[in-house]
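Subject: Structure handover

Hello,

The structure you asked for is below. My notes on it follow.

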Amino acid sequence: MSRLSSGGAIDRRQVINFRFNGTSYTGFKGDTLASALLANGVRVVGRSFKYHRPRGVVSCGIEETNALVQLRSDLDQPNIRATVLPLVEGLEAESINCWPSVNFDVGAINGWLAPLFPAGFYYKTFMAKPWDFYSRFIRRVAGLGQVPKVADTNSYERVHHHVDVLVIGAGPAGLSTTLAVARTGARVLLIDDQSDPGGDLLFDTAIIDQKPALEWVKESIETLAQLDNVSRLQNTIATGYYDHNLVIAVQTSPDESWIRERLWHIRAKQVVVATGAVERPMVFANNDRPGVMLCASVAGYITRFGVQPGKRCVLFTNNSRAYEYLSVLQEAGIKVVEIVDCRESVDDDSLKIAQLLNIPVVAGSHVVNVSGKKMVRSVTVRSINGDANLHTVSCDLVCHSGGWNPLVHLQSHSGAKPVYDSENVTFIPGKPIQSERSVGASNGRFLLSQCITDGLETGQKIGVELGYEFPEISFEKQTNDVNYAVEGFWAEDDNTGKAFVDYQNDVTRADLALAMRENFQSIEHIKRYTTAGMATDQGKMGNPNVIGIVAQMSGTSMTATGTTTYRPPFQPVSFGVIGGMERGALIIPARTTPITEWNISHGAAMNEAGANFRRPFYYPKSGESMQDAMNREALATRNGCAIYDATPLGKFELHGEDVPELLNRVYTNSFSDLPIGQGRFGLMLREDGRLMDDGVTFRIDDNHYLMSCGTGAAPVVLGHMERLLQTEWQDLKVYLINVSAGWANVCVCGPLAREVLSGAGMDRELLDSMKFMQIKTTKVAGFDVRVARVSYTGELSFEINVRRRDGLQLWELFMQAGKQHDITPIGSETSGVLRIEKGFVSPGIEGDNITNPYDAGLGWVIDMNKPDFIGKRSLQRDLNIGGERQHVVGLLPDDHNAKIADGSALVPVQAPTSGNPEFQGHVTAACYSPTLERTIALALLKNGKNRHGENIRISGLEGSFTATVTKPVFYDPRGEKMRA
Amino acid sequence: MLLIPCPWCGQRNEDEFMCGGESARVRPDDPASTTDAQWSDYLYNSTNHKGVVREWWWHVNGCTKWFVIDRDTVTHAIQPASEEIS
């Protein structure tokens, strides 16, 4: 056990049981999985991505690259960082990237084969041969963790929030910013990723105003809690910073227990990034061995968790701040045997600290290798200039500190470019692009006093800028800072072992050198070729090392080399919280009609239709197949009577003196002379001359029209007319009202339709007198209705429009009245059969972004003598260009029972002697026609209207059939039935 | 996500809107008098330049108002256009 007998912010009275890789362990409340594993002496926690090297915990925070686990107890989540995973009773986790176990991993053979797996290995090796073949093997071993196999049943939600100031991070800088802004009265939201406020202070022994820093944190939080204009969220991490000051944050385990995570969309007038900095590793051979840990993190494990990560330690540093942690290590009983400092001269203050603790300092030297595989056994040290002072030190812990990296990620998301700070050997936030400021360590102010001052000053400035008064307060805060004095150091590769620059993607110094030898020059290219900085950690720890090494190898500066772009998310985000409540049926909520429930309760097979409606597909009776049901429904329509719910059709009311002018401009045919009470079929084109929609428009009164359109096209048609009226044709006096949802529409059709409607109480004389395309306002059983005689089935047909709330009653009335005539509800699949039989072109099916109305056989609806209409000029252009076009045709397969898939290709009957057959068109819609007792199809065929009578071959997934090309109408070509 | 200033509803999230393209693209008064090339240019080409672009936006999931804004395609800075229509 490595748990210290005292200390740490853990509750030793609350023992927590957990399992890791199948073994039971215990920890305490307040532990993370990483701290509990270290306390139990578990050194190897995972295997690396490519070489399957044993890896241990390297840090104690969000920057962790190695200790990634598959969490089995709470859902089945891959790639959870053990360093930020709170330990809870019953937690169960496993290592990733290893088989059969983390201590004996077959994949480690990749380490021996390493010379075969350089950077760019996949590109070089597998692209020459069929990738499909290799991918089967590679996909099995590639990637981190495993995709969960069970559905996530947790609840998530999304909220929007607006504030004056958003402060991200409740460390010393974020807290002091919030304190200052809050006093001005501005509305502030403070978010922080940890369960408790304090940031790095939680892991530290710093002093503020002669008190432990956490006392200051506690007092600050108490002050903020009393202010109405301040809100604070813990366990909330900002994952992305987007345009117009939108920050997206994920809150885990909110107080409401029924929500697992909540996604916050936060708009702020000003964003303060106080995300702090993370320690950077040193790059040396075998710097990934378990037991090689970041210096401040080792101190953090001691201070916060009372864990002793090792007993004999070597400190390897390039800065003075690391000396600050020596006393913490020594007090925890860790013997620091040597400080290896790569700086030639070390400042007196630091030397004094070492001297007091009786630790020898070896300046101007560096660690060149680490021995030990599953734990550190010793390190080899030598002078930077040659082999002088070469010696080996035995130890079980290497603390290394390569300086600090400000977490500039969020600022980078916002569009700003980080700039190089040569004094601190790191990239700091550049000029803000949005209303944003970085403060504290994330702004390159690494000392505690700087963090607090920076925060207070920035907070005051923001408050004043936003127009609030700032009361006079004193800023003085005394801290026990030591200096930083960092020097960049990247040793040459001396081939003693793999020196990692990106632990998570297994990228080494040698990979960077190889990329440069192969002439990759831009840092962005080197990143993509080697994958350095591309893993889930997004290069939080390693990126400045990559840039430093590339700059050194290419003989340029860090500034000239520049950084790669950091992209959202800052840390992985669950799919659950992205989806929020929009899952299952709520992804796209289905629209209903008054008849929907009746349809479902009467056994309709429901299916997706346009505009998010779900409609009956067909109504199977017991024992009926889909084809049986469709045949029965289609024959009932042709020979008896049928009923269907036409409510989803688009319906628009048009009022005003210029309605005819609008109709003339949006339809291809003329509407100038439409009498009152009469409707006309209209064809609407896009400006490029392609089919948009067709429908019937009725004239209700002088300046009052009713337009109908296809279900799926309704939003498009409405948008089209809205746009024209509001932008191009503002002079037209037209009111356009979408009444689609206001009316229910029940269609009764078939030769017996009049009998059904008169049986339901409609005036028989009116029914007999109504001509095709007429509309009448009347009453049925007390309901005010609009009756329109239009037909989409090719039969006698009446559409009865009624107030939506009366729709179901009217439907049931007709069902009752139609009982004696065996009235049959029909679904959309049957309507499709009736349409194909009649050869009614559907703009959404035969219109394929190429078809123009002439191709579709709709030339009769086009009045090219009108001065202008939308699409006319493009049609003229089609005619000017000429050439061969595809036309809508009918197809009669020789095999009357041929099963033809929509989309099947049309090719010449004779197969070519060599090569592929010539593609001549495709089937747009095929069905079995129970009326004709054979299979029929509509198709688009090259030069089709001049090829009636020719033979063609239909070639599709369902088989190959010869067929005769015909006119695209199979039933009642003169339309006598629907006009009857 | 951009904040778009709707003249009726104020600043709203971008996902309530549809972009209608550059407002400089105006339908020719007399399409019949254009050449095929001029007509194709109107139909298919935008200037698509870097910098401030005057655009139509439609508050489709809101009040359905069409309006014009000036949007910088580099910085996404948005100003309501000074005139109703360009």
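This is a predicted model: local features need pLDDT of at least 70, side-chain atom pairs count only at pLDDT 80 or more; totals for chains, interfaces and linings use all residues.

Residues are numbered from 1 along each chain as its sequence is written, and chains are lettered from A and ligands numbered from 1 in the order in which they are written.

Chain B

Chain B has one helix and six strands, where helices (H or I, at least four residues) and strands (E, at least two) are DSSP runs numbered from the N terminus. The order of its elements, read from the N terminus, is β-β-β-α-β-β-β. Along the principal axes, the C-alpha atoms of chain B fill a box of roughly 40 × 30 × 20 Å. Among the contacts in chain B with a separation of 6 or more, 55% are between residues 24 or more positions apart; two residues are in contact if their C-beta atoms, placed from the backbone, lie within 7 Å.

Chain B against chain A

The contact between the chains involves 17 residues of chain B and 18 residues of chain A. On the chain B side, the elements that give two or more residues are helix H1 (36–44) and strand S4 (52–58). H1(B) supplies the largest share of that side, three residues. By class, the side of chain B that touches chain A has 11 nonpolar, four polar and two charged residues. Here Ala, Val, Leu, Ile, Met, Phe, Trp, Tyr, Cys and Pro count as nonpolar, Asp, Glu, Lys and Arg as charged, and the others, Gly among them, as polar.

A helix pair in chain A

Helix H5 (residues 172–184) and helix H11 (residues 448–465) of chain A pack at an angle of about 30°, with their axes 7 Å apart. Axes are lines fitted to C-alpha atoms, for helices over the stretch in contact, and angles run from 0 to 180 degrees between N-to-C directions. The angle makes H5(A) roughly parallel to H11(A) (under 35 degrees is roughly parallel, over 145 roughly antiparallel, 65 to 115 roughly perpendicular and the rest oblique).

Val58(A) lies in the loop between strand S4 (54–55) and strand S5 (68–71) of chain A. Val58(A) counts as buried because it has 26 C-beta neighbours inside 10 Å. Leaving out residues up to four places away in sequence, Val58(A) touches Glu64(A), Thr65(A), Asn66(A), Met293(A), Leu294(A) and Tyr503(A).

Pro568(A) and Pro569(A) are joined by a cis peptide bond, with omega about -5°. Pro569(A) sits in the loop between helix H15 (558–561) and helix H16 (575–579) of chain A.

Ala781(A) is not a glycine, yet has a positive phi of about 45°. Ala781(A) is in the loop between strand S40 (775–780) and strand S41 (783–788) of chain A, and with 14 C-beta neighbours inside 10 Å it counts as partly exposed.

Regards

Conventions: A residue is buried if 20 or more other C-beta atoms lie within 10 Å of its own, exposed if 12 or fewer, and partly exposed in between; C-beta atoms are placed from the backbone.
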